[in-house]
Amino acid sequence: MASSTIASSSTPFIKQNDLGRSSFTSTYLPIQRYSRKASSSSSSSRKVVSVMAPSQSQRPPSTTGSVKTGMTMTEKILARASERSQLVPGENVWVNIDVLMTHDVCGPGTIGIFKKEFGENAKVWDREKIVIIPDHYIFTSDERANRNVDILRDFCMEQNIKYFYDIKDLGDFRANPDYKGVCHVALAQEGHCRPGEVLLGTDSHTCNAGAFGQFATGIGNTDAGFVMGAGKLLLKVPPTLRFVMDGEMPNYLLAKDLILQIIGEISVAGATYRSMEFVGSTVESLSMEERMTLCNMVVEAGGKNGVVPADSTTYKYLEGKTSVEFEPLYSDDKARFLSEYRFDVSKLEPLVAKGRKVKVPTFLVPATQKVWMDIYSIPVPGAGGKTCSQIFEEAGCDTPASPSCGACLGGPRDTYARMNEPKVCVSTTNRNFPGRMGHKEGQIYLASPYTAAASALTGFVTDPRDFLQ
């Protein structure tokens, strides 16, 4: 299996603990561009509601009782969810779950286990805390893939599940107002991600939701079937690695570049069953989409979860998306971190590529319906009023496809952008295992969007600095 990382020759890291070195790459979602609506509401209280934007001058304390030893954010969240006043890494505790997500690939198996263990006529623990999102093998004629969605639909009707984002018309995704697209982005856009909560999902990249200051991680079908009936799960408390990123973020860099640098520094196993906490002035300046890019990839370093402290950016994003009350938690000043890494973002070298024609087939898959609409409606800054869709068309790219996870996971042979023959693919998705995108002999090079764009322009894996303007 081939893998490629293109990074600055002079790493900005100051590493305090040596966890090993190797390289890896990439995140998800070819397009991550969203519009937001501002709100004038502002308040500060011990309980934070999603429509409020509390002052950040003082961070609220943990509500887990008297603190004997400083705890990290992840430890605090799990302590509160397990009704404990104190936790340390390595402890196994029963954790109450706030949200369980599953999709069309793992959902039928999860449902099967739930019915087997709890009974054919059993009811789920809370119909409003289960989110079911078809998003993987959707736009295909494969009967088994379509049957998976049918199983989800029947179960949701039987259990009266409140949050089921169904799709019935496969010919035109826009004819399905409930259909969203990629589960991780849909969870955020629909207000299911909230600071201080515990979110589990039957997808390894569920860690994406940690961008909201919550504990979020992927679990298997067996665990999910148990959560579906009991509302809790036995979890081991992970130790935390802290990544402090400071310096002004140049306008030619992306959050993808940051997480690629981090994984290249600690290796693909450097965070195995560890929490990765991202802090610093650079992180505070990132949008929620950029923070999700950071957290989405922690599993590619073996991480259990990734977290970014909630702040005014978080609260602003959540305005109008949820009415559920939440209370954020933060690491104590005296919290114990397994390792701490620091780097100066301003020293990262510039990467940018634009203004050319692609020389190889270039496929575009938006994350959700909202992202698809943004591609056609929001002008790109500095592009003379052109939208992303106009720029892609002029460059010779394929027309943006229906939103789904298909481009990342492969799926049935008729899945859009699936690799049915052994080819070389430069991808902005998040995993390059053999067969991940289809053919087991295909070579997948994970890359940042700029590297993928440069490679599309040349027809071979290209350092985007060759197109520096």
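Predicted model: local features only at pLDDT ≥ 70, side-chain atom pairs only at ≥ 80, totals over all residues.
User: How many helices and strands does the protein chain have?

Analyst: Helices (H or I, at least four residues) and strands (E, at least two) are DSSP runs, numbered from the N terminus. The protein chain has 13 helices and 16 strands.

User: What percentage of the residues of the protein chain count as buried?

Analyst: Buried means under 20% relative accessible area, exposed means over 50%, and partly exposed lies in between, with a 1.4 Å probe and protein chains only. Of the 469 residues of the protein chain, 55% count as buried. Contact means heavy atoms within 4.5 Å. Among contacts between residues at least 6 apart in sequence, 75% join residues at least 24 apart.

User: Which residues of the largest nonpolar core touch the most other members?

Analyst: A nonpolar core is a set of buried Ala, Val, Leu, Ile, Met, Phe, Trp, Tyr and Cys residues joined through side-chain atoms within 4.5 Å. The largest one has 49 residues, of which Phe212, Met245, Leu258, Met276 and Phe278 touch the most other members. Helix H6 (residues 255-266) gives the most to this core, with five residues. A second, separate core of 34 residues includes Val124, Ile161, Val198 and Leu235.

User: Which residues does Phe212 touch?

Analyst: Leaving out residues up to four places away in sequence, the partners of Phe212 include Ala188, Cys193, Pro195, Met288, Met292, Val308 and Tyr317.

User: In what order do the five strands of the open sheet stand?

Analyst: Strands of a sheet pair through backbone hydrogen bonds, either parallel or antiparallel. Two strands pair if DSSP finds at least two bridges between them. Here the order is E6-E5-E4-E7-E8, and the pairing is parallel. The edge strands, each pairing on one side only, are E6 (163-164) and E8 (215-218).

User: How many bridges join the strands, and which residues are partners?

Analyst: Strand E4 (residues 99-103) pairs with strand E5 (residues 130-133) over four bridges, and Ile133 in E5 is the bridge partner of His103. Three bridges join E4 to E7, where Met101 has Gly201 of E7 as its bridge partner. Four bridges join E7 to E8, and Gly201 stands opposite Gly218 in E8.

User: Which way do the residues of strand E7 point?

Analyst: In E7 (residues 198-201), Val198 and Leu200 point one way, whereas Leu199 and Gly201 point the other way, and all are buried.

User: How do the axes of helices H2 and H3 cross?

Analyst: Two packed helices are described by the angle between their axes and the distance between the axes. Axes are lines fitted to C-alpha atoms, for helices over the stretch in contact, and angles run from 0 to 180 degrees between N-to-C directions. The axes of H2 (residues 107-118) and H3 (residues 143-159) come within 9 Å and cross at roughly 45°. H2 and H3 are therefore oblique to each other; angles under 35 degrees count as roughly parallel, over 145 as roughly antiparallel, 65 to 115 as roughly perpendicular and the rest as oblique. Residues making the contact include Ile111 and Phe114 of H2 and Ile151 and Phe155 of H3.

User: Which residues of helix H10 are buried, and what covers them?

Analyst: In H10 (residues 369-377), Gln369, Val371, Trp372, Asp374 and Ile375 are buried. What covers the buried residues of H10 includes helix H4 (183-189) and helix H11 (388-395).

User: Where do Asn160 and Tyr273 lie, and what phi does each have?

Analyst: Most residues other than glycine have a negative phi, and most peptide bonds are trans. Asn160 has a positive phi of about 55° although it is not a glycine. Asn160 lies in the loop between H3 and E6 and is partly exposed, with a relative accessible area of 46%. Tyr273, also not a glycine, has a positive phi of about 45°. Tyr273 lies in the loop between H6 and strand E11 (275-279) and is partly exposed at 28%.

User: Is Gly231 buried or exposed?

Analyst: Gly231, in the loop between helix H5 (221-230) and strand E9 (232-236), counts as buried at 4% relative accessibility. Leaving aside neighbours within four places in sequence, Gly231 is in contact with Val95, Asn96, Ile97, Trp125 and Phe226.

Key: Residues numbered from 1 in each chain as written. Heavy atoms only, no water.
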